[in-house]
Amino acid sequence: MTSIPKPSVRHPGLARNALGLTRRDYEGAMSTLCAGCGHDSITAALVQAFFELDLPPHRAVKLSGIGCSSKTTAYFLRQSHGFNAVHGRMPAVATGANAANRDLVAIGISGDGDSLSIGLGQFCHAIRRNVSLTYVLENNGVYGLTKGQFSASADVGSKSKRGEANPQRPIDPVLLALTLGASFVARSFSGDKAQLVPILKAGLRHRGFAFIDVISPCVTFNDHEGSTKSYRFTREHAHEVAPVDFVPIRSEIVVPVNGAEADTMDVSMHDGSVVRFRKVDAGYDPTDRGAAYAYVRARQEAGEVVTGLLYLEEGAPDMHEINRTVARPLAELPHSELCPGNATLQALLEEFR
């Protein structure tokens, strides 16, 4: 059993957004994950982000693969579209969903095993295509459903619950995303809702592939002394490079003071909304891919987990621009336009002869 329906009783004084919906309208079933699981904190942040963005639940599509992370999609947006794919194949299904209906807000939930082992190739090519997808990787360093074996994101020297140390170097999904050309790269911690919610909001508004790696401790198999993905380790070693506020287009945008003394830097999103960085580290530029990569690597060598919105590219063409698809969603096109007949096909072929 993966979910339990929530009771429909709610307080009449609950706050409502611009659509007249409450946070309860963005929830799903009751979680059956372990009590204290970081994934449930991510669910709460997703509910908050969708509520604050005034996104209609039925205009969203949720995709997932296999693993503890795949259960998350059952716990928010019960009135949305959804598809639970096989292990590692969520990016392909998400690509198809976005190709068919670009007007839906697509969000993919995956795990470190699902994305960095069996699904690594699919993850890489979704980045290459710049699919319009908010990709949340719930990263706990273990295979929670199969008793806590190390995953591909486990750090060297991190100890399992039985005390064994991991000898293999990890695949860092943030560095991988930066290397492959992702247009939006961020990292956060499931226990830091104040940071995670605005990052999720910015990702949901981004046109293109928005990758968000979230350190999400597994309380059953990876929250002990010696783990580098535990609540304690992450809280003690987190280094917030660029705390972020999301300023939607409907809100007043305050232009910062020009010059080196400015406390903030605004990066415009495609829809006119703005991601605002508060400068923490002097000289950090979230629009410089190479500098972002070098900074993450340097902080890793210092034993720190860098969090915040690490990289954002404003003008990268998404999958629809690259493939010159029509503006109208394919799911809404009549059959006569989707299949215009043999004469049209022959005319197209003549162009390449």
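Modeller: Val326, Leu330 and Leu338 make a nonpolar surface patch of about 230 Å² (nonpolar side chains joined within 5 Å, from residues with over 30% relative accessible area and no salt bridge; areas by the Shrake-Rupley method with a 1.4 Å probe). This is a predicted model, in which local features need pLDDT of at least 70 and side-chain atom pairs count only at pLDDT 80 or more, while totals for chains, interfaces and linings use all residues. Residues are numbered from 1 along each chain as its sequence is written, and side-chain values use heavy atoms, with hydrogens and water left out.

Val326 sits in the loop between helix H9 (319-323) and helix H10 (335-338), where helices are DSSP runs (H or I) of at least four residues and strands (E) of at least two, numbered from the N terminus. Val326 counts as partly exposed because its relative accessibility is 43%, the limits being under 20% for buried and over 50% for exposed.

Helix H9 also carries Glu321, which forms a salt bridge with Arg207, their closest N and O atoms lying 3.0 Å apart (a Lys or Arg side-chain nitrogen within 4 Å of an Asp or Glu carboxyl oxygen). Since Arg207 lies in the loop between H6 and E8, this pair ties together parts that are 114 residues apart in sequence. Glu321 is partly exposed at 42%, and Arg207 is partly exposed at 32%.

The count of salt bridges comes to 8. Among them, Lys201 pairs with Glu52, with 2.8 Å between the closest N and O atoms. Lys201 belongs to helix H6 (residues 193-205) and Glu52 to helix H1 (residues 38-52), so parts 149 residues apart in sequence are tied together. Lys201 is buried, at 11% relative accessibility, whereas Glu52, at 26%, is partly exposed. Glu304 and Arg299 also meet in a salt bridge of 2.8 Å, N to O, and Asp172, Arg187 and Asp213 are linked in a network of salt bridges.

Technical notes:
Patches are made of residues with over 30% relative accessible area and no salt bridge: like charges are joined within 9 Å, nonpolar side chains (Val, Leu, Ile, Met, Phe, Trp, Tyr) within 5 Å. Buried means under 20% relative accessible area, exposed over 50%, partly exposed in between (1.4 Å probe, protein chains only).
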